[in-house]
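Let us walk through this model together, from the overall fold down to single residues. Please keep the viewer open as you read.

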Amino acid sequence: MPDPEASMKAALEEARRAAEAGEVPVGAVVTSGGRIIARSHNQVETLHDATAHAEMLALTQAAEAVGDWRLEGATLFVTLEPCAMCTGAILLARVDRVVYGAADPVAGACGSVLNLAADTRLPRQVEVEGGVMARECGELLKRFFKDLREQR
């Protein structure tokens with residue numbers, strides 16, 4: 001299993017790319033077999049697509065990398081707790097584990113607002129670990145939104 005901090009650092013690199021592109025700075029990487037197989041960042045504004053969250057794009061890349069939509073044995077590292085849409089995709093893709101940095105008290109669906117990841121009414125659940133490099137992930141988001149407010 002790859003070092004969680006090293007994988008989260010890679011996700012943070014992606015989040016910084018998002019910020020440079022004027023996107024909300026969220027980055028994600030997918031690991032499998034001890035290596036990163038996919039990486040992406042938010043591209044909602046760039047692609048004019050509300051579904052272009054870092055997690056969604058990374059899951060698509062990971063499926064292409066392994067040649068199957070089933071990502072059993074994979075771990076998704078993301079700088080912000082996934083929303084309901086992304087958590088649904090994570091469950092459908094059969095990802096084994098989600099590791100996130102900052103909690104999302106507005107739209108988090110892995111324990112903050114909702115807990116779809118552990119909902120036993122659904123056919124699958126996913127292991128979740130939050131708070132990995134939370135300070136760094138949260139500071140990047142706070143700085144982005146502070147700068148955005150100051151530009152207005």
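Is Gly-27 buried or exposed? Gly-27 is buried, as its relative accessible area is 0%; buried here means under 20% relative accessible area, exposed means over 50%, and partly exposed lies in between, with a 1.4 Å probe and protein chains only.

A word on the ground rules. The model is predicted, and local features need pLDDT of at least 70, side-chain atom pairs count only at pLDDT 80 or more, and totals for chains, interfaces and linings use all residues. Residues are numbered from 1 along each chain as its sequence is written, and side-chain values use heavy atoms, with hydrogens and water left out.

Now for the overall fold. The protein has five helices and five strands, which are DSSP runs numbered from the N terminus (helices: H or I, at least four residues; strands: E, at least two). Their order along the sequence is α-β-β-α-α-β-α-β-β-α. For its 152 residues, a compact globule would have a radius of gyration near 15 Å, and the 14 Å of the protein agrees with that. The radius is taken over C-alpha atoms, and the globule rule is 2.2 Å times the number of residues to the power 0.38. Along the principal axes, the C-alpha atoms fill a box of roughly 45 × 30 × 30 Å.

Of the 152 residues, 45% count as buried. Among contacts with a separation of 6 or more, 58% come from residues 24 or more positions apart, a contact being heavy atoms within 4.5 Å. The 16 positive and 22 negative charges have mean positions 2 Å apart.

Next, look inside. The largest nonpolar core holds 38 residues, of which Met-8, Val-30, Leu-59, Leu-71, Ile-90 and Val-95 touch the most other members. Such a core is a set of buried Ala, Val, Leu, Ile, Met, Phe, Trp, Tyr and Cys residues joined through side-chain atoms within 4.5 Å. Two or more residues come from each of α1 (4-20), β1 (27-32), β2 (35-41), α3 (54-66), β3 (75-80), α4 (84-92), β4 (97-102) and α5 (134-151). Helix α1 gives the largest share, five residues.

Leaving aside neighbours within four places in sequence, Ile-90 is in contact with Leu-59, Leu-76, Pro-82, Val-95, Val-98 and Val-126. Just after α4, Arg-94 takes a positive phi of about 65°.

Back to Gly-27, which sits in strand β1. Not counting residues up to four places away in sequence, Gly-27 touches Ala-11, Glu-14, Ala-15, Ser-40, His-41, Ala-54, Phe-77, Val-78 and Thr-79. Ala-18, in helix α1, is buried too, with a relative accessible area of 0%. Beyond four places in sequence, Ala-18 touches Glu-23, Val-24, Pro-25, Val-26, His-41 and Asn-42. The C-alpha atoms of Ala-18 and Ala-54 are 9.0 Å apart, although 36 residues separate the two in sequence.

Arg-16 of helix α1 is partly exposed at 41% relative accessibility, and its C-alpha atom lies 10.0 Å from that of Cys-137, 121 residues away along the chain. Glu-139 of helix α5 is partly exposed at 35%, with its C-alpha atom 9.1 Å from that of Ala-102, 37 residues away along the chain.

Finally, consider two loop residues. His-48 lies in the loop between α2 (44-47) and α3, whereas Met-133 lies in the loop between β5 (127-129) and α5. Phi is near 55° for His-48, a positive value in a residue other than glycine, and phi of Met-133 is also near 55°. His-48 is exposed, with a relative accessible area of 74%, while Met-133 is buried at 12%.

How values were computed: Lys, Arg positive; Asp, Glu negative; His and termini not counted. Charge placed at Lys NZ, Arg CZ, Asp CG, Glu CD.
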